[in-house]
Amino acid sequence: MAAARALMFQGTGSDVGKSLIVAGLARAFTLRGLAVRPFKPQNMSNNAAVTADGGEIGRAQALQARAARTPASIHMNPVLLKPQSEIGAQIVVQGRVYGSAKAAAYQQMKNDLLPFVLDSFTRLRSEADIVLIEGAGSAAEVNLRANDIANMGFARAAAVPVVLIGDIDRGGVIASLVGTKAVLAPEDAALVCGFIVNKFRGDAALFAAGMERIAQATGWQALGLVPYFADARLLPAEDALALEQNRPSKPQARLRIAVPILPHIANFDDLDPLDAEP
């Protein structure tokens, strides 16, 4: 069997919609009869999911596996960082606790973790028609590029093309995408085959000139303008940014449940079923 095709989705920042776009494409390709596997080389999340063999992966990769109608696997997220403080995290490698490290020390560990990442990627690629890869945070964090295994460092090591996602809802999407091109090393920028503008509200025709402007400034192909999807809030959140959003009011509710939002709260989406009750 030939190695599966692979496509990586990176973002101009956190919470631009990478996880949901990968999940949506995973379901779309699955419905077309393809064997799809989601993959995220390195994730930082205290919302962990447990695979059938007892390993831990990021909750978003479990959601993407469900979208692809395939069992969640430890190889879908080989490196999971679970924050324990402002500067330190527990490190889970291929589903098992590998150790703990502060941020500065972890930067030096990444070269040792890359073989695990590539091993997991190779395993998934051997059993699929296509692997959809999600980056982490921002592709423009060039201060972390030297030992990167989450974004362009992985893309270069695995020789996979990249689609860059920008979030228009937060504003400044033209500058975010063009600025990312400006700070990327030429070899990294060459891996980007196109861009997506996500979370658009209103008449798409009004941003046609914006899409053209980004394409002209970057040399990247405009692949799509994705509408805002309000029901995304009903899906499991990957990081604590979701806690900063206002919850919908329920004036007719008869029971109130209060949850302390701790600085490093873990698995807070376990309470989502209660929040879903009227």
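This is a predicted model: local features need pLDDT of at least 70, side-chain atom pairs count only at pLDDT 80 or more; totals for chains, interfaces and linings use all residues.
Trainee: In what order do the six strands of the open sheet lie?

Mentor: The pairing in this open sheet is parallel. Its edge strands are strand 2 (36-39) and strand 12, each pairing on one side only. Neighbouring strands are turned by 20° against each other on average, direction ignored. The order is 2-9-1-10-11-12.

Trainee: At about what angle does helix 1 run to strand 9?

Mentor: Helix 1 lies across strand 1, strand 2, strand 9, strand 10 and strand 11. Its angle to strand 9 is about 170°.

Trainee: Is strand 11 largely enclosed or largely open?

Mentor: Strand 11 covers residues 192-200. It pairs in the parallel sense with strand 10 (residues 162-167) over six bridges, and five bridges join it to strand 12 (residues 221-227), also parallel. Eight of its nine residues are buried, so strand 11 is largely enclosed.

Trainee: Which residue of strand 12 stands opposite phenylalanine 195, and what is the hand of the crossover between these strands?

Mentor: Opposite phenylalanine 195 is alanine 222. The chain leaves strand 11, passes through helix 7 (residues 208-218) and reaches strand 12. This β-α-β crossover is right-handed.

Trainee: Within what arc do the buried residues of helix 5 fall?

Mentor: Helix 5 spans residues 173-183, and its buried residues are Val173, Leu177 and Thr180. Residues three or four places apart in an α-helix point the same way, because there are 3.6 residues a turn. The buried residues of helix 5 therefore line one face, within an arc of 60°.

Trainee: What covers that buried side, and which exposed residues sit on the face turned away from it?

Mentor: The cover over the buried residues of helix 5 includes strand 10, strand 11 and helix 7. The face turned away carries two exposed residues, Ala175 and Ala182.

Terms used
Residues are numbered from 1 along each chain as its sequence is written. Side-chain values use heavy atoms; hydrogens and water are left out. Buried means under 20% relative accessible area, exposed over 50%, partly exposed in between (1.4 Å probe, protein chains only). Helices (H or I, at least four residues) and strands (E, at least two) are DSSP runs, numbered from the N terminus. Two strands pair if DSSP finds at least two bridges between them. A crossover is right-handed if, with the strands pointing away from the viewer, the path from the first strand over the helix to the second runs clockwise. The arc is that of the directions from the helix axis to the C-beta atoms. Contact means heavy atoms within 4.5 Å. Axes are lines fitted to C-alpha atoms, for helices over the stretch in contact, and angles run from 0 to 180 degrees between N-to-C directions.
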